[in-house]
Each structure stands twice: as structure tokens, then as C-alpha cells.
Amino acid sequence: MLAEIKGINEECGVFGIWGHDKAAELTYYGLHSMQHRGQEGAGIVVSDGKELTAHKGLGLVNDVFKKAKFEELAGRNAVGHVRYTTQGGKVIENVQPLLFRTQTGSMALAHNGNIMNAHQLRGELEDEGSILQTSSDTEVLAHLIRRGGQRTNETSISTALNQVVGAYAYLILKEDRMYAALDPAGIRPLSIGKLGDAYVVASETCAFDQIGATFEREVLPGELVTISDDGIEIRRFAPRGGRKLCAMEYVYLSRPDSDLNHVNVHASRKQMGVELAKEAPVDADMVIGVPDSSISAAIGYAEESGLPYEMGILKNRYVGRTFIQPSQELREQGVKMKLSPVRGIVEGKRIVMIDDSIVRGTTSKRIVKMLKQAGAKEVHVRIASPSIQHPCYYGIDMSTRKELIAANNSPEEICEIIGADSIAYLSERGLEQAIVKDKTINQGVCMACMTGRYPVMENGETEINYTKC
Ligand code: AMP
């Protein structure tokens, strides 16, 4: 049974580097390029070969790290993390990497994903006498690794990984080595790069470009990678299965300049737009995209349909998370902080408005209203992904089924709720077409939030069609 998790939202990013004089500083730049994956907290742990040192804080990477901090973080090896809470509260104890000290050495852990059986494992650990410090499910893995007094090594890590069920990309740092592991279905992304003689591991390849590293290969499902001064060793802790990389990484989450599974994110989004234009054409004057994540799909839709692509909505880049939100009175007067319609472009026009996805329906409703208020004659909403009707258990902020607008309303009802003139979603086939270039074992995608077919269940079973959550 999949229990619904209220307020899921973990779209964390992990970064690790082994064997570079500027390990902490490069980790900072790597994390900065993945800031979109988590804005609630950031942290870096370095190893100088003898001990581990951490610096963490709540907020953006820039707020947590100032230049002087890098001198205090001496060492040629580091792991870092940007956090967006899934499980556990928004408190400093939960900011990663988590650092554990024992008499036989230290270990730092950074995690992107969601452990579905964390509650059960936590209970078992507590029954055995473990006292956990955080409400983060990541801490559970550390306890499993050390269970029964084991040292942290390939064997104890593999044993621990075989007890957790869910989606995960882990980085583990010890004094003398770094480990990287990916869940057996490869739901979350994780890649290996090189910078001179140094090894780099990151959730997204945009982090490699940021620091001038070159992409080497992806960590494949069920692989455990060990990196030390002796080089790199790759083994598996789980049998080879088919990959199920999260489709939402392509649709919304990852940066357009990243490549996932050898497919560029911008190119895949553009193709989603192309497929959408083929499936759901509109007689209109222009195509516009909701900045930023829908621009690529809007360009694809425009190219395929032959309609001009226009900048109908503007995003104010200076609206940070701490920006003072307008009072209800000003909001009603139409003060919009983040997105504004370009009146001179949309007035009197029939518009195709592309958005990458609809979750609760709040964004589409707000934008359609805004465009109509600016004088748009018609607004046809085209969504560059299939409708999201099922919760995500693998670490994406997808809310509960109750809050998903498409789980409770037909497309016609949604069209009416958001005030659009028409609405259409990309088909499952269209999405797959845009992402999967090569139908080999490693190229599959997880579309559970759209199809209800969950590749991994809490009890460890795989590929179950679970539509009644
Ligand atoms: P909603 O307003 O709830 O329908 O959310 C849909 C909008 O949020 C779209 O414009 C997406 O770009 C964006 N979005 C999609 N998935 C997520 C997510 N997991 N976390 C945050 N925003 C998202």
C-alpha cells in the first residue's frame, strides 16, 4: 500500500568531487548551478584525508557560503547538497550532507530522492536502540550502514542499500574515499565527470559545465561507485533492471542545459512542444510560453505549427523568495510580482499558451486570467506533459491526490475552472517520444504521476499498476 505523503517536495541536488585542491569552492559552484533543485538549505562537507569538516545553513547557496568559508573547508575531497524538503521539517538539523562521527571514522551523506520504507526502518532501528537526531529519512541509511557495528565499506553500504526502497541518488564521503549510489530503477539522475585528475559526481551535468569538467558516464541503476586516490571502481549492489528515470526531470525540474540519459533537457522539451502541436493544433495568432520552464516547449510548438513565437509573459527576475508579497488589497488591484503579461503583444490576439505541466491548476488559472485582463481575445492552454493524476513517492513535489486538479476533474472541467477557451495535454506516447531516443534497457522513464504505473512499491515489488491511491 502506498501511503500518501503530505507536502512532498524534495527536488534536491547532490555534488561531489575527489582529488582537487579547490574542492570546497568547486562544490560551491556546482551547487550554485543546481540551485533550482532546492532553495531551502545548502551544505558542504570536506575531507582532508584525516577528518571531515562541515558547513551548512538554511537558505540559498550564496547566503550559506561566503568566500572566507572555503579557507576553513580545507581538503581535496568534498560532497555538497542543496535541499528542498520532502520528509522532515525545514530545520537546520535536516540540512545535508548529514555528518556522523564514530570512533572508527566519520561519514557524510547527501541524498536526492525519497525512501518509501523509511518509517518502518526507523521503527526497527529505534527498537534496536538507535536514537536518530533528525526527521530526515537520509539518517536512516547511515544507521543501516553502521548496523551491528559494521565499518563503512562497499559491503556494509550494499547491504544497507538493499534494505531501503524508493528513489535515491546518494553520495557518501569518508576520510579516504567517496561513494556514489543510484537506486535499482535509476529514478533520479546522477552522472560522473572528470576535471583533470579529479572525479566529479553530480545530479545534473550542468554542474560539470559550470566548473569546466567533462562528462564521463551516468551512474547506472543499482551501481555503487567507489572513488579514492587509487581511482574509480564500479560494482553493482542490485541486479541489473530496466531504467525508469523520472519524466518530470525532463518536463520541469532539470536545467535545460543538462543532459539526462544522453538526451538534452531543452531538446526534449522542444520535442514535447513539437509532439503537442501535432496532437493538438489550434487556429491562433501566436504561441507563448510560461517562463522559464515552458519556453523550450513553446518554441517547439511554434516551429511545428508555423505560428509565431512571442514573448507574451514577462518574468521579473528580482522576485526572490523573501520578496514582500502584496497585501490582499493590492493583489486584487492586479499587482503581480513574478509574471506580467506583455499587453502590447497579447491584446486582441488569439493565443496558444504553453505550460509544462498542471499540478493544482493555480498557475494556469492565474495566467489565463492575467492574459484575458490584458486583452487577449482567446487563450488556448496546451500542456507539454500528460495530466498529473497520481502522487509521486520518489521525491518530486506533487502533492496528494486530493489536491491534484486532474485527479478530480475532466479536461473540460479544468478548462472551465481555469477560464481557458480550450485545453489539451500531451499524450503519454508523445512524452515518451520526446524523451526516449533509444529503447534499450537503460532508457526507460517513470511516468507514474501520469499513468499510475509505479515502477517501485513500498514492499520492494516492481512495476505495479496502482491507480487507487
Ligand atoms: P500548479 O500551479 O500547482 O498547477 O503547478 C504547475 C506549475 O508549477 C507549472 O507551471 C510548472 O512549471 C510548475 N511545476 C510543475 N511541477 C512542479 C513541482 N514538482 N514543484 C514546483 N513547481 C512545479
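This is a predicted model: local features need pLDDT of at least 70, side-chain atom pairs count only at pLDDT 80 or more; totals for chains, interfaces and linings use all residues.
Visitor: How many residues surround the ligand, and what makes a residue near?

Guide: A residue is near a molecule or strand if one of its heavy atoms lies within 4 Å of it. By that rule 15 residues surround the ligand, and the closest are Asp356, Val359, Arg360, Gly361 and Thr363. The shell divides into five nonpolar, five polar and five charged residues. Here Ala, Val, Leu, Ile, Met, Phe, Trp, Tyr, Cys and Pro count as nonpolar, Asp, Glu, Lys and Arg as charged, and the others, Gly among them, as polar.

Visitor: Which helices each supply at least two residues of the shell around the ligand?

Guide: They are helix H8 (247–253) and helix H13 (362–373). Helices (H or I, at least four residues) and strands (E, at least two) are DSSP runs, numbered from the N terminus.

Visitor: What makes a pair of N or O atoms a polar contact?

Guide: The two atoms must lie within 3.5 Å; within protein, one must be able to donate a hydrogen and the other to accept it, and residues adjacent in sequence count only if both atoms are side-chain atoms. An oxygen atom of the ligand is 2.8 Å from a polar backbone atom of Arg360, and a ligand oxygen is 3.4 Å from a backbone N or O atom of Thr362. For Ser293, an N or O atom of the side chain is 3.3 Å from an oxygen atom of the ligand. The protein covers 86% of the 500 Å² of accessible area that the ligand has on its own. Such areas come from the Shrake-Rupley method with a 1.4 Å probe, and for residues only the protein chains shown count as cover.

Visitor: Which residues does UniProt list for "binding site", and how do you know that they gather at one spot?

Guide: The unreviewed UniProt entry lists Ser293, Asp355 and Asp356. They span 64 residues in sequence, yet no two of their C-alpha atoms are more than 7.9 Å apart, so they gather at one spot. UniProt positions are given in the numbering used here, feature names are shortened, and annotations may be inferred rather than shown by experiment.

Visitor: Why is Asp355 called buried?

Guide: Buried means under 20% relative accessible area, exposed over 50%, and partly exposed in between (1.4 Å probe, protein chains only). Asp355 has a relative accessible area of 5%, and therefore counts as buried. Asp355 is found in strand E20 (residues 350–355).

Visitor: With which strands does E12 pair, and what makes two strands a pair?

Guide: Two strands pair if DSSP finds at least two bridges between them. E12 and strand E8 (residues 178–182) have four bridges in the antiparallel sense, with Met178 opposite Ile227. Six bridges join E12 to strand E13 (residues 231–236), also antiparallel, and Glu223 stands opposite Arg236. E12 and E13 form a hairpin with two residues between them.

Visitor: Which peptide bonds are cis?

Guide: Among them are the bond from Gln96 to Pro97, with omega near 0°, and the bond from Pro291 to Asp292, with omega near -5°. Pro97 lies in the loop between strand E4 (77–83) and strand E5 (98–102).

Definitions and conventions
Residues are numbered from 1 along each chain as its sequence is written. Side-chain values use heavy atoms; hydrogens and water are left out.
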